Amino acid sequence: MNWNLDSSHTTVAFAVKHMGFFTVRGQFKKVTGTVSTDEQGVPRQISVSIEAASIETGDAQRDAHLRSPDFLDAEQYPQIRFESSQIEALGGNKYKIHGNLTIRDTTRPVALEAEVSPAIKDPWGLTRIGATATGVINRKDWGLTWYQVLEFGALLVGEEVKLNIEVEAVAAQAEAAA
């Protein structure tokens, strides 16, 4: 079965340490993608595209810096992409999703832990599925190497980025018929 991400109900969020002790959280507001599953709802393939310039952390100055060449360089590299390469069943509705994440034209493997909900019919007759995925990446692996070391050795912006992804997807056939 094929599914399209419902952009208004999909969140790609992240958390990064600031000055070694405070956590800054943000998200990307423009996310599109597709998922294919077997008839039992087991995910088989995932493809996601994120508009890099849609990053939001609640601070306009910080957001502008994150869009700049110091970090995402959103003007030169407008899309962040994820393509699954293998989906490993962990039991029940839990999976390990292996794939390739491309940021700034650098592609590296990542693994996400995911929990997938069973399909449901919404009040408008559309079939939907949902999933939550989490993972951790090091921003330096994608060339996001800007840093400033503070007096006692902490980094102004941490290297470890925690990902928390909430997805809602609509069956492609149902969406086309609506």
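The model is predicted. The protein has 178 residues, and 40% of them are buried.**Overall fold**

- Two helices and twelve strands make up the secondary structure of the protein.
- Along the sequence, the order is β-β-β-β-β-β-α-β-β-β-β-β-β-α.
- Take the contacts with a separation of 6 or more: 55% of them join residues 24 or more positions apart.
- The exposed surface comes to about 10,000 Å². Carbon and sulfur atoms supply 52% of that surface.

**Second largest pocket**

- The space in this pocket is about 160 Å³.
- Its lining divides into eight nonpolar, five polar and two charged residues.

**Thr-37 in strand β4**

- Strand β4 covers residues 31-37, and Thr-37 belongs to it.
- Is Thr-37 buried or exposed? Its relative accessible area is 6%, which is under the 20% limit, so Thr-37 counts as buried.
- The side chains of Thr-37 and Trp-3 form a polar contact of 2.9 Å.

**Glu-83 in strand β7**

- Glu-83 sits in strand β7, which runs over residues 79-91.
- Its relative accessibility is 34%, so Glu-83 is classed as partly exposed.
- Which side chain makes a polar contact with that of Glu-83? The partner is Ser-47, at 2.6 Å.
- Setting aside residues up to four places away in sequence, Glu-83 touches Gln-45, Ile-46, Ser-47, Gly-99 and Asn-100.
- Leu-101 is 18 residues from Glu-83 along the chain, and their C-alpha atoms are 6.8 Å apart.

**The loop between β8 and β9**

- Strand β8 spans 94-103 and strand β9 spans 106-116; Arg-104 is in the loop between them.
- Asp-105 lies in that loop too.
- Most residues other than glycine have a negative phi.
- Arg-104 is not a glycine, yet its phi is positive, at about 55°.
- Asp-105, also not a glycine, has a positive phi of about 60°.
- Asp-105 has a relative accessible area of 67%, which is over 50%, so Asp-105 counts as exposed.

- Tyr-77 is in the loop between helix α1 (60-67) and strand β7.
- The relative accessible area of Tyr-77 is 19%, and Tyr-77 is buried because the cut-off is under 20%.
- Which residues does Tyr-77 touch, not counting those up to four places away in sequence? They are Ala-52, Leu-72, Arg-104 and Asp-105.
- Buried Tyr-77 therefore touches exposed Asp-105.
- Tyr-77 and Glu-51 are 26 residues apart in sequence, with 9.2 Å between their C-alpha atoms.

Definitions and conventions:
Residues numbered from 1 in each chain as written. Predicted model: local features only at pLDDT ≥ 70, side-chain atom pairs only at ≥ 80, totals over all residues. Heavy atoms only, no water. Helix = DSSP H or I, 4+ residues; strand = E, 2+ residues; numbered from the N terminus. Buried < 20%, exposed > 50% of the residue type's maximum accessible area, 1.4 Å probe, protein only. Contact = heavy atoms within 4.5 Å. Areas by Shrake-Rupley, 256 points an atom, 1.4 Å probe, with all protein chains shown as cover. Polar contact = N/O pair within 3.5 Å; in protein donor to acceptor, adjacent residues only side chain to side chain. 1 Å grid on protein atoms, 1.4 Å probe; cavity = no way out; pocket = protein on both sides within 12 Å on 5 of 7 lines; lining within 4 Å. Points joined across faces, edges and corners; volume = space filled by probe spheres on them. Nonpolar A, V, L, I, M, F, W, Y, C, P; charged D, E, K, R; others polar.
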